[in-house]
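Colleague: I am new to reading models of this kind. Could we go through this one by question and answer?

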Amino acid sequence: MGFGKLGAQGVEGGRALSAGLDQRVFDDVAWVRSDEERLHQALAYLTTRKSAPAALAAHGVTADARTLAAWRSSTRTPKAREQELLQTAFRSLRRRNVAPYLTRVLNADGGTRIEIHPADQQNVEAKRRRELRVRRKNVYRWNPIIAAWARQDSLEMEYLWQDLMSELGSDHRSYHYVSHIGICG
């Protein structure tokens, strides 16, 4: 029987770990940014980094320097599809650029603790629910995890997640799918 057949909801652990890293890098907890503010942030980043032209080309953004300057100064607005491509290029370049710093921070002082929230079983019939609790685990070596996250390699993230979960003991398979992973510190 596959995951979710009885009503449980969640995502694969590697995907949840990537989302937790994305949240740490891209989301500002203090306030929510509008689409216009996110676009301005992406354009500012993509017009001030040396490797930005290559990232823009890799993600299909064909705008020249004058067009980028007009978008940044808000005299012109990119179309919706161009905005999506700009956001994708920004996130990809930012991941690659922030990866060394993030690795140092998460490896510092003996690693960083994560909180693993089990899959949501609210919709599962009571007699079929498993007793699962939030687990906490200290990750000591973030190097391969951050490298896979920066490359957006979902298969590698899943493999690394399975390796981490094998250390949890006999119920490690219960955490293949989770509802959320929090990165502490």
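Colleague: Is Q41 buried, partly exposed or exposed?

Modeller: This is a predicted model, in which local features need pLDDT of at least 70, side-chain atom pairs count only at pLDDT 80 or more, and totals for chains, interfaces and linings use all residues. Residues are numbered from 1 along each chain as its sequence is written, and side-chain values use heavy atoms, with hydrogens and water left out. Buried means under 20% relative accessible area, exposed over 50%, and partly exposed in between, with a 1.4 Å probe and protein chains only. Because its relative accessibility is 28%, Q41 is partly exposed.

Colleague: Which residues is Q41 in contact with, leaving aside neighbours within four places in sequence?

Modeller: Q41 lies in helix 2; helices (H or I, at least four residues) and strands (E, at least two) are DSSP runs, numbered from the N terminus. Contact means heavy atoms within 4.5 Å. With those sequence neighbours set aside, the contacts of Q41 are R33 and F90.

Colleague: What is the reach of helix 2 from its first C-alpha to its last?

Modeller: Helix 2 covers residues 35-46, which is 12 residues. The expected span of a helix is 1.5 Å times one less than its number of residues. For helix 2 the expected value is 16 Å, and the reach is close to that, at 16 Å.

Colleague: What covers the buried residues of helix 2?

Modeller: The buried residues of helix 2 are L39, A42, L43, A44, Y45 and L46. Their cover includes helix 3 (52-58), helix 4 (65-72) and helix 5.

Colleague: Is S74 buried or exposed?

Modeller: S74 sits in the loop between helix 4 and helix 5. It is not a glycine, yet its phi is positive, about 65 degrees. Since its relative accessibility is 55%, S74 counts as exposed.

Colleague: What is the phi of Q152 near?

Modeller: Q152 is in the loop between helix 6 (143-151) and helix 7 (154-165). Its relative accessible area is 46%, so Q152 is partly exposed. Q152 is a residue other than glycine, and its phi is positive, near 60 degrees.
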